[in-house]
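Reader: Could you take a close look at a single part of this model, and then follow the side chains from there in one connected account? Please give the cut-off behind each term as it comes up.

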Amino acid sequence: MPKIAELAGDEQSESSRTFVFEDEGHTLGNVLKTIICKYPDVNFCGYTVPHPAENKMHFRIQAIKSVRAIDVLLRGLQDLERLCDHMMETFEEAVASHHRGSA
């Protein structure tokens with residue numbers, strides 16, 4: 001089963017899509033929404049977790065007409081990955097510096 005799928009019914013415009021993430025919830029939804037909402041070519045971005053018993057997150061993107069929602073999603077996921085990499089590097093440097101200082 002794919003980790004991400006498109007919700008049926010959004011076929012009219014490639015700039016607006018709802019994606020369904022399997023096995024994801026508020027943690028990914030909130031941070032990804034925060035990143036994507038800052039893009040100037042995005043009119044709306046939001047997510048819902050339809051039901052606590054369902055392990056799914058619905059993620060909606062509405063971009064300007066000349067931009068595909070799937071491209072916005074990919075850019076958001078790439079930016080999130082870079083942010084996480086930077087956080088890990090910063091954390092590991094701080095831990096190493098702390099150990100050097102207390103040795």
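**A charged patch and its surroundings**

Author: E93 is exposed, with a relative accessible area of 54%, where exposed means over 50%, buried under 20% and partly exposed in between (1.4 Å probe, protein chains only). The model is a predicted one, in which local features need pLDDT of at least 70 and side-chain atom pairs count only at pLDDT 80 or more, while totals for chains, interfaces and linings use all residues. Residues are numbered from 1 along each chain as its sequence is written, and side-chain values use heavy atoms, with hydrogens and water left out.

E93 belongs to helix α2, which covers residues 69–102; helices (H or I, at least four residues) and strands (E, at least two) are DSSP runs numbered from the N terminus. On the surface, E93 gathers with E81, D85, E89 and E92 in a patch of negative charge. Such a patch takes residues with over 30% relative accessible area and no salt bridge, joining like charges within 9 Å and nonpolar side chains (Val, Leu, Ile, Met, Phe, Trp, Tyr) within 5 Å.

R82 is exposed, its relative accessible area being 51%, whereas D79 counts as partly exposed at 23% relative accessibility.

A search of the whole structure finds six salt bridges, and two others may be followed here. The side chains of E6 and R17 meet in one of them, at 2.9 Å from N to O. Because E6 lies in strand β1 and R17 in strand β2, this pair ties together parts that are 11 residues apart in sequence. E6 is partly exposed, with a relative accessible area of 46%, while R17, at 11% relative accessibility, counts as buried.

K3 forms another with E24, and the closest N and O atoms there are 3.4 Å apart. K3 sits in the segment before β1 (4–6) and E24 in the loop between β2 and α1, so the pair ties together parts that are 21 residues apart in sequence. Both ends are partly exposed: the relative accessible area of K3 is 40%, and that of E24 is 25%.

The loop between β2 and α1 (26–36) is also the place of D23, whose phi is near 60°, a positive value in a residue other than glycine. As background, most residues other than glycine have a negative phi.

Turning to the rings, the structure holds one aromatic pair. The ring centres of F21 and F59 are 6.1 Å apart and their planes stand at 75°, so the pair is edge-to-face. F21 lies in strand β2 (residues 16–22) and F59 in strand β4 (residues 56–63), and the pair therefore ties together parts that are 38 residues apart in sequence. The pairing rule asks for ring centres of Phe, Tyr or Trp (its six-membered ring) within 6.5 Å, with planes under 30 degrees apart counted as stacked, over 60 as edge-to-face and the rest as tilted. F21 and F59 are both buried.

A separation of 29 Å lies between the C-alpha atoms of A5 and M87, which are 82 residues apart along the chain.

How values were computed. Accessible areas come from the Shrake-Rupley method with a 1.4 Å probe; for residues, only the protein chains shown count as cover. A salt bridge is a side-chain nitrogen of Lys or Arg within 4 Å of a carboxyl oxygen of Asp or Glu. Lys and Arg count as positive and Asp and Glu as negative; His and the chain ends are not counted. The place of a charge is taken as NZ of Lys, CZ of Arg, CG of Asp or CD of Glu.
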